Amino acid sequence: MQADKIALIAPNRDFTSRALDLFSEWGEKIHVAMASKEDVILIARQLSEKGADALICYSDFVKTIKTTVNIPIVSLGPSSLDILRGMQQTKEWLTQNGKHIATGMAVGIIGHSIIDETTIVGDILGIPTRVLADIQGTDMSGILAIVREVPDIISPDGALIEFISDIPCFSVTVGREALLRSVRQAQELVAAGRREWAKLEQIKTIMDFTGEGIVAVDNQRRITYVNHIAEKQLKASKHQIVGKPAATLFPDINLDDALRYAQTRIMPFVDGREQMLACRIVPMIIGGQTVGAVLTINESNFPIKDKAGKCTNESGHKATYCFDDFVTVNETMKETLEIAKSYAGVDSTILIIGETGTGKEIIAQSIHNYSRRCNGPFVAVNCAALPESLLESELFGYEYGAFTGARKNGKKGLFEQADQGTIFLDEIGEISLGMQARLLRVIQEREIMRIGGDKIIPIDVGIIAATHRNLPELIEKGLFRRDLYHRLNILQLHLLPLSARKEDIPYLVECIGKKLSARLFKQPLKFSAGAMNVLACYPWPGNVRELESVIERMLILKNGGVVTSDDIKKVLYCGYDRRDNEALVVPRGTMEEMERAIIRQVLKETGNQDETAKILGISTTTIWRKMKVCQNNKNNFILYGCGKPN
Ligand SMILES: Nc1ncnc2c1ncn2[C@@H]1O[C@H](COP(=O)(O)OP(=O)(O)OP(=O)(O)O)[C@@H](O)[C@H]1O
């Protein structure tokens with residue numbers, strides 16, 4: 001093993017030669033350097049640069065050099081035994097010289113490092129003591145002035161003795177025990193440092209061989225470490241990266257949130273090669289304090305959206321949206337997003353209320369991606385899209401033989417598939433009272449039983465429910481269970497309709513326009529002030545989804561250029577653009593009947609549920625829901641070739 005390189009900084013010649021004698025007696029190879037108060041910094045720096053592993057330094061100098069060198073420093077001062085020896089010597093001198101300890105006479109003490117213990121030892125030996133000065137920071141002439149002013153006998157520490165020749169002085173010097181102890185202490189520190197270093201090297205090697213990029217930042221958001229993979233991903237070397245503010249390398253990543261909420265989160269960012277990477281941020285918490293964060297960067301983990309914007313991970317149960325995807329400048333919605341972020345930190349059930357197309361699913365996915373469950377599945381279930389019996393088997397799964405047509409090996413339900421992740425129960429207001437009772441039990445107990453099974457299966461899932469319905473009203477009508485409502489409604493989020501946040505429209509037009517023009521390979525559009533005005537005056541019953549479909553149609557129709565107010569009016573108020581010449585005939589009736597008539601007519605024209613939804617700016621689920629009311633007359637529905645929503 002490599003020999004320890006320990007150096008001692010001695011305060012004077014006498015101490016230097018004594019230390020050298022003792023070290024040679026003990027067979028210790030310790031370098032001794034002499035330093036004064038004036039040159040101690042220089043000497044310490046030189047010793048460190050020459051490769052010293054640790055310094056033993058006279059206690060009065062330690063404070064001065066502590067910030068100068070980056071190696072362990074052991075403070076050396078007189079031990080209690082040394083003080084006892086010094087005071088015993090003083091007592092003997094007093095006796096030999098016939099000096100009786102008269103009233104008012106005292107042994108003066110100088111030197112801050114020995115004051116406390118000398119006073120105690122004086123008390124034990126019956127020698128009155130008086131503290132004359134704490135010489136830290138006092139220059140020599142000042143000290144001598146103090147010394148001369150007062151006592152008969154002085155017991156200063158070693159550093160002073162050569163300056164006071166006319167007063168009896170007894171030096172409390174560092175004895176062999178204290179010196180030996182300091183050497184052992186320094187050797188232990190060097191050994192512990194070596195062990196730490198070996199461990200650190202081991203960890204660094206492991207980190208360099210993992211498949212992920214790893215970056216550590218301190219709580220000032222400065223980069224303190226990067227591994228090899230991260231160097232490659234960021235196309236920069238350690239030396240270029242370490243010490244830099246994280247924001248220069250990750251401008252799109254919001255470290256503040258991760259550090260503020262002390263939560264793990266996952267965010268996408270684009271690296272130097274224009275490749276989408278997933279960055280997982282884990283806060284480092286020591287003793288309850290967030291001291292920094294570790295960022296792991298992964299090329300394969302993040303779900304990639306295909307051209308249609310759909311998620312393409314193997315199970316399909318993955319959330320792609322983050323809070324940054326939710327476009328809004330509205331103050332209330334911004335507050336709602338902050339509240340949603342704080343909800344992501346807890347495991348309680350969340351209820352999102354908002355009209356169709358207001359972004360309930362974006363928020364649900366963002367909460368999942370912001371929560372500790374972000375690496376687990378995100379399973380979205382549209383409760384309105386399935387008939388009750390199918391919904392039950394989809395949610396809870398079934399065992400072999402549970403019903404005719406059941407798979408041989410049974411089937412895992414969506415709750416089981418969402419284990420360790422989040423289940424999003426969309427359109428919760430649409431489920432039957434029977435299903436409500438089953439759901440209530442799952443939410444309360446966090447366990448399920450498959451249909452036809454007898455085994456209780458515990459599940460660890462976060463539950464987010466959403467509805468556009470007024471649940472208290474449904475409760476009054478006996479259509480929704482009050483107890484389920486209270487279970488779901490622990491944390492509530494309310495999304496404003498687009499008509500109540502019109503200031504968002506220009507931003508949404510810009511963001512959605514950019515996204516769609518890239519996806520559809522179309523020229524970006526400009527909207528004239530008049531067109532913007534028409535958009536602002538429209539009531540947007542289908543909210544952002546409807547706005548999206550208007551922008552998409554404009555992109556296809558115009559393919560670049562300026563969209564005028566007439567273009568918008570045509571799309572918004574004159575029926576759907578593909579069949580401009582056909583008038584839309586709506587029979588007079590209640591609002592609901594007229595809505596159904598419109599849906600039927602467009603379905604008839606398109607023969608396609610997706611296209612109908614797009615034209616009308618509503619979701620396929622909304623079509624399903626609105627038409628479900630007249631399900632008794634099945635012909636109404638089947639006539640137009642409309643199946644269940646996707
Ligand atoms: N604030 C927003 N910023 C950007 N896009 C949005 C926003 N709100 C909604 N959208 C877009 O509108 C569409 C509908 O959003 P989403 O599915 O989240 O709404 P929803 O409230 O769940 O609708 P529904 O109740 O009909 O299922 C999506 O394509 C989404 O990307």
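**A predicted chain and the shell around its ligand**

Leaving aside neighbours within four places in sequence, I214 is in contact with M207, N227, A230, V294 and T296, where contact means that the C-beta atoms of two residues, placed from the backbone, lie within 7 Å. The model examined here is a predicted one, in which local features need pLDDT of at least 70, side-chain atom pairs count only at pLDDT 80 or more, and totals for chains, interfaces and linings use all residues. Residues are numbered from 1 along each chain as its sequence is written.

I214 itself is found in strand β8 (residues 213-218); strands (E, at least two residues) and helices (H or I, at least four) are DSSP runs, numbered from the N terminus. With 19 other C-beta atoms within 10 Å, I214 is partly exposed. The terms work as follows: a residue is buried if 20 or more other C-beta atoms, placed from the backbone, lie within 10 Å of its own, exposed if 12 or fewer, and partly exposed in between. Y225 is 11 residues from I214 along the chain, and their C-alpha atoms are separated by 7.9 Å.

Stepping back to the whole protein chain, the secondary structure comes to 26 helices and 23 strands. Of the 646 residues, 35% are buried. Among contacts between residues at least 6 apart in sequence, 63% join residues at least 24 apart.

The ligand comes next. It is surrounded by 20 residues, and the closest are T356, G359, K360, E361 and V544; to be counted as near, a residue needs its C-beta atom, placed from the backbone, within 6 Å of the molecule. Helices α13 (360-370), α21 (543-558) and α25 (620-628) are the elements that give two or more residues to this shell. By residue type, the shell divides into 5 nonpolar, 10 polar and 5 charged, with Ala, Val, Leu, Ile, Met, Phe, Trp, Tyr, Cys and Pro counted as nonpolar, Asp, Glu, Lys and Arg as charged, and the others, Gly among them, as polar. Why does the ligand lie between domain 4 (342-496) and domain 5 (524-638)? Both domains give residues to the shell around the ligand, so it lies between them; the domain bounds come from an automatic or database domain assignment.

Several strands can be followed through their pairings, a pair being two strands between which DSSP finds at least two bridges. Strand β13 (residues 350-353) runs parallel to strand β20 (residues 462-467), with 4 bridges between them. β13 is also joined by 4 bridges to strand β21 (residues 491-494), again in the parallel sense.

Strand β14 (residues 378-382) is mostly covered, with 5 of its 5 residues buried. F378, A380 and N382 point one way from β14, while V379 and V381 point the other way, and all are buried. Over 5 bridges, β14 pairs in the parallel sense with strand β17 (residues 422-426), where F424 stands opposite A380.

Just after α5, G126 takes a positive phi of about 75°.

Two residues other than glycine also have a positive phi. For R446 the value is about 55°, and this residue is placed in the loop between α16 (433-445) and β18 (447-448). For W540 phi is near 50°, and its place is in the loop between α20 (529-537) and α21.

Finally, R13 has its place in helix α1 (residues 13-26). R13 counts as exposed because it has 10 C-beta neighbours inside 10 Å. M34 is 21 residues from R13 in sequence, and the two are 7.1 Å apart in space, C-alpha to C-alpha.
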